[in-house]
Amino acid sequence: MHRFLARYIKQCVILFSLLMAFIQTANVIANQDSIKDVCIVGAGASGMYSAFKLKQRGYSVAVLEKAPRVGGNTNTYYRKGNKYQPLGERYLTNKPFVEELSRQLEIPMQALPEKTLNTIYVDFSRGLVMENSKPSWSEWWSPGGNYKSSLARFESLFSLGVNLPEALLEDLLLNTGDYLENNGLDVSFAIPLHHLNGFGNIEQLPALYLLSNLSVAEIESINSKKCLVPEGGMDAIYKKIKNHLGEENFHTNTSLKKSNRIQLSRNGGIGSRIDIEAIKIDKKVNFSCKKLVVSIPPILSNLKWLALDEVERDLFAQFQSHDYWTVILKIFWLGADEELVNLNMVSGVNAVKIPGIYKVQPTQFKNEFSITFGATNGMSRGSVEKQIRHDIESLNFGEERTSMTVVHHERSVNHSPYGLTVSTEAIRNGFYSHLNHLQGRNSTYYVGAAIAGSHNTVDVWEHADSVINRYFPVRSHSD
Ligand SMILES: Cc1cc2nc3c(=O)[nH]c(=O)nc-3n(C[C@H](O)[C@H](O)[C@H](O)COP(=O)(O)OP(=O)(O)OC[C@H]3O[C@@H](n4cnc5c(N)ncnc54)[C@H](O)[C@@H]3O)c2cc1C
């Protein structure tokens with residue numbers, strides 16, 4: 001009797017295993033997309049724009065994104081009553097490109113609502129509140145200002161990527177502090193350096209990164225108060241692209257595991273196929289496409305799924321990334337029209353000491369403030385929140401604000417890895433020219449802030465636009 005029962009159980013186990021294997025295979029097969037023209041990895045600014053543009057040019061796409069949502073750094077915090085607070089991108093530089101995109105997507109653009117804030121300059125590293133410190137913007141920003149005239153020498157090198165000449169302009173390799181001093185820029189006033197928030201300790205960073213990230217167009221947009229916001233917020237753009245291309249082409253919650261980039265001989269010509277294995281939530285999925293667009297920050301830890309060749313590996317290994325957070329905090333002693341801006345008076349260029357707070361700014365929500373924070377690599381959420389709380393509570397306002405209580409964190413968003421940079425030596429050895437030469441290698445194309453050489457969203461879109469225009473010719477249905 002026992003033997004019979006044991007055999008029966010064994011048979012049941014075998015049958016169950018076979019059934020599970022069948023279900024798993026069925027899942028894989030069910031999710032196996034038909035071959036797409038292009039797989040796009042990453043659904044941030046560059047990935048979403050590339051998808052839109054490729055579709056316009058007649059290509060089918062699959063967008064693979066590890067997060068539960070599309071939009072990358074366009075991260076909006078919604079609350080009841082239609083109130084929302086951007087925790088990432090807030091505005092777009094006013095450029096003809098945005099006007100055209102707004103027309104194509106049928107999303108009207110509005111001027112960034114002007115809010116006059118009372119800026120309190122503080123030095124969080126020493127708990128100091130700076131009295132009567134209202135720095136003048138003029139020498140940095142005015143039409144004939146020193147920054148603009150110094151940038152004029154280089155700006156063409158930073159249009160659509162970093163395109164440096166053979167004979168390097170050594171000024172670009174000076175560290176940012178020396179560059180500012182040599183160009184007569186007041187280093188006691190580091191507000192423009194807040195455009196490099198998220199780039200770590202910028203004092204030692206080659207000046208190239210300041211110049212490539214802060215363009216004349218952006219300065220002019222800010223100066224003339226003409227920065228733009230899409231109707232419905234930044235997310236409206238990516239929601240529209242998703243609807244336009246069809247939800248089924250966007251695979252969120254998808255963790256890439258392995259890939260194979262195969263060169264094929266076809267009809268006497270050469271083609272390619274890229275096979276990608278991934279896990280979507282808890283199911284295995286396979287994707288196949290003819291070309292690959294990588295839009296994620298290209299550091300090695302982010303590219304484990306892509307069997308890199310030696311040249312790719314060598315280049316991507318040189319990128320250093322930085323950690324960048326936004327945290328929402330309740331602060332009861334700060335007014336809804338006040339912001340705190342950190343100027344670290346100890347640093348040569350008054351740049352924020354990392355880890356440290358960049359800015360504390362009011363949100364739509366009562367008593368809640370949005371805090372941007374530069375962290376050291378891999379700093380945990382708990383440590384970030386703890387330091388923010390400590391730094392804010394340690395500010396010495398004297399008698400003025402007595403009950404300085406920080407109540408609790410409402411939300412924290414990690415934007416890392418952010419601000420990818422390479423060393424002066426790497427730049428001198430032609431890093432950016434080698435990087436630009438990667439386009440098309442192994443049927444793979446690269447877009448995104450690190451390749452565009454700028455974190456400005458419009459620059460990132462324009463760069464992606466140029467890559468797609470150059471390498472993906474318009475196709476007719478018969479192609
Ligand atoms: C707090 C903050 C405020 C900002 N404000 C502005 C602003 O007001 N105006 C402006 O012009 N710019 C602003 N920026 C900069 C702008 O957001 C970025 O430059 C822009 O998002 C870069 O786009 P991207 O496509 O390169 O990267 P991302 O937007 O970061 O997109 C990358 C995407 O890839 C995904 N991903 C990463 N790794 C993988 C993987 N292994 N597999 C699959 N998917 C992966 C990510 O989840 C993400 O969705 C701000 C940035 C931050 C952080």
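Which of the 34 residues around the ligand come nearest? Select G42, G44, G72, N73 and G448. Here a residue is near if its C-beta atom, placed from the backbone, lies within 6 Å of the molecule.

This is a predicted model: local features need pLDDT of at least 70, side-chain atom pairs count only at pLDDT 80 or more, and totals for chains, interfaces and linings use all residues. Numbering starts from 1 along each chain as its sequence is written.

Now color the whole shell by type. It holds 13 nonpolar, 17 polar and four charged residues. (Ala, Val, Leu, Ile, Met, Phe, Trp, Tyr, Cys and Pro count as nonpolar; Asp, Glu, Lys and Arg as charged; the others, Gly among them, as polar.) Next, show α2 (45–56), β13 (320–331) and α15 (457–471), each of which supplies at least two shell residues. The largest share, three residues, comes from α2. Helices (H or I, at least four residues) and strands (E, at least two) are DSSP runs, numbered from the N terminus.

Move to β14 (residues 338–342). Strand β6 (residues 118–123) pairs with β14 in the parallel sense over five bridges. Pairing requires at least two DSSP bridges. Strand β15 (residues 356–362) runs antiparallel to β14, joined by two bridges.

Finish on α11 (residues 381–393). V384, I388, D391 and I392 are buried (20 or more other C-beta atoms within 10 Å of the residue's own, C-beta atoms being placed from the backbone; exposed means 12 or fewer, partly exposed in between).
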